[in-house]
Amino acid sequence: MEIKIIHLPKIEDERGNLSFFQNNSHIPFVIKRTYWIYDVPGGEYRGGHAFKEQQEVIIALSGSFDVVLHDGKQEHRFLLNRSYYGLYIPGKIWRSLENFSTNSLALIVSDMDFSESDYIRDFDMFKKLKANA
Ligand code: TYD
């Protein structure tokens with residue numbers, strides 16, 4: 001499956017809006033782990049790695065940030081600034097999260113338990129791996 005923006009349900013109500021996702025209908029995998037990134041100081045970035053296998057969906061629950069993806073050939077930049085958009089990222093894609101607005105909150109769901117051995121933290125190694133794929 002390719003990188004894509006997933007439009008999550010948005011139940012509009014004068015009392016406030018509600019969005020949700022559930023396994024196998026909105027998220028294209030079974031969720032194994034959820035983590036979130038917050039209190040990011042101005043000018044900092046997160047990520048700067050790829051996963052060998054892990055798939056993720058990233059949602060800007062609050063505020064905004066850029067997700068910069070690299071597939072080995074091309075860079076793709078996504079501004080996430082709505083809590084009802086999810087960005088699906090398959091395995092073997094380099095990613096960085098940057099330009100965090102004040103008080104932004106990134107929610108990430110993943111199809112795998114945490115595993116340091118699934119990380120590729122060297123961009124040259126990542127490019128070589130993609131070139132030989
Ligand atoms: P890392 O994935 O490198 O952060 P980023 O979101 O910037 O890519 O993780 C930072 C640290 O947190 C690293 O030491 C591993 C640890 N960590 C866990 O223990 N469990 C997790 O689920 C995640 C995502 C990270």
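Buried means under 20% relative accessible area, exposed means over 50%, and partly exposed lies in between, with a 1.4 Å probe and protein chains only. The model is predicted, so that local features need pLDDT of at least 70 and side-chain atom pairs count only at pLDDT 80 or more, while totals for chains, interfaces and linings use all residues. Residues are numbered from 1 along each chain as its sequence is written, and side-chain values use heavy atoms, with hydrogens and water left out.

**Exercise 1.** Find how many salt bridges there are, and describe the one between Asp13 and Arg15.

*Solution.* Begin with the rule, by which a salt bridge is a side-chain nitrogen of Lys or Arg within 4 Å of a carboxyl oxygen of Asp or Glu. This rule gives 8 salt bridges. In one of them, the side chains of Asp13 and Arg15 meet at 2.8 Å, N to O. Next, Asp13 has a relative accessible area of 29% and is partly exposed, whereas Arg15, at 75%, is exposed.

**Exercise 2.** Decide whether Arg77 and Asp66 are each buried, partly exposed or exposed, and place their salt bridge in the chain.

*Solution.* First, the closest N and O atoms of Arg77 and Asp66 are 3.2 Å apart. The partners stand 11 residues apart, with Arg77 in strand E8 (residues 75-80) and Asp66 in strand E7 (residues 65-70), where strands are DSSP runs of at least two residues, numbered from the N terminus. Then, Arg77 is partly exposed because its relative accessible area is 47%, and Asp66, at 11%, counts as buried. Finally, salt bridges with shared partners join Asp66, Arg77 and Glu98 into one network.

Terms used
Helix = DSSP H or I, 4+ residues; strand = E, 2+ residues; numbered from the N terminus.
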